[in-house]
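Open the model in your viewer and keep the selection tool at hand.

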Amino acid sequence: MGEARGAGGAGPFGEVRIGFQWFLGPTRVRRQVEPTTLRAVTTLALLGGGKMGEALLGGLIDGGWDPEGLAVAEVVAERRHAIEGRFAKVRVVPSPAWAVAEAEIVVVAVKPGDVPAALEAAEPVLEPGALVLSIAAGVTIATLEALVPGRPVVRAMPNMPAVVGRGAAAIAAGQHAGEEHLARAEGILAVVGTVARVPEKLLDAVTGRSASGPAYVFLVAESLTEAGVHAGLPRAVSQALVTQTLLGSATLLAEGPDGPEALRAAVTSPGGTTAAGLAALEARAVRAAFLEAVAAATARSKELGQS
């Protein structure tokens, strides 16, 4: 990858950090080969065993984490049984307090409205130096720090593709979180995708772009599939071609040296079919519609965070 693209964030020394890559300018890239911060952690407690929590568990274990050092608190019995069936050596309990005792890292993966109850139950037995990493949408660092006074807090905003190991997340540090805590948070989230550091004030923009972004892509896929049907393709064929087109295009963007503008230009011959199609999209202001969609989602994220 020749340059940093997407929701990159400035690190403590001015560089842009995404996952375990440090982008020090358009072409200079420094990589951390081994997420060594994970190896030093003996116990991680996960509050919430939903899809995102299960994805993190799978990623951590696949990445070499000892499952006996993992604990999950999940109040729904059916979900507990499902996690126990998939991760035999992971300790699964119904109470946050039972999960967090002696944990060095606590990942908050419950629904936003359940965060206060979960952390209030956990706080009396939570280690003084335990890192609290929250992936609950809209729950501010100030709210988290009030629930776990004195502990280092990192707030994260992941997205849905994390469940297949292709997520895009951003993290922001609380007042007690230092470089070590940010590195540990990155190491955990990197098992299911890429990670960018940003100030908390930009997490609403991350929500509007990355967290909501998969829905925009799915809408594009749905529309292209329907367009293929209208053009005469069987629906199954149209959907398969659309899926592969999106996958191939994303791979080119992620692994090739060029950015989206150069790639679009490479596909577009003067006076050709692609140029005609793009002209139709521009006539309908599709580019402006995406700008407005991200702005609207960002504004809504801010509203929810203030409620």
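The model is a predicted one.

Now select Ala297, Thr298 and Ser301, which are buried in helix 13. Look down the axis of helix 13: its buried residues fall within an arc of 100°, so they line one face of the helix. An α-helix has 3.6 residues a turn, so residues three or four places apart point the same way. The buried residues of helix 13 pack against helix 8 and helix 9.

Go on to helix 9, residues 213-230. With 18 residues at 1.5 Å a residue, helix 9 should span 26 Å, and its end C-alpha atoms are 26 Å apart, which agrees. Select its buried residues, among them Tyr216, Ala221 and Thr225. Which helices do the buried residues of helix 9 pack against? They pack against helix 8 (203-211), helix 10 (235-255) and helix 13 (286-306). After helix 9 comes Gly232, with a positive phi near 115°.

**A histidine in helix 7**

Last, select His181 in helix 7, residues 179-189. Is His181 buried or exposed? Its relative accessibility is 18%, so His181 counts as buried. A polar atom of the His181 side chain lies 2.9 Å from the backbone nitrogen of Gly178. Leaving aside residues up to four places away in sequence, His181 touches Leu131, Pro152, Val154 and His176.

Methods: Residues numbered from 1 in each chain as written. Predicted model: local features only at pLDDT ≥ 70, side-chain atom pairs only at ≥ 80, totals over all residues. Heavy atoms only, no water. Helix = DSSP H or I, 4+ residues; strand = E, 2+ residues; numbered from the N terminus. Buried < 20%, exposed > 50% of the residue type's maximum accessible area, 1.4 Å probe, protein only. Polar contact = N/O pair within 3.5 Å; in protein donor to acceptor, adjacent residues only side chain to side chain. Contact = heavy atoms within 4.5 Å. Expected span 1.5 Å × (residues − 1). Arc of directions from axis to C-beta.
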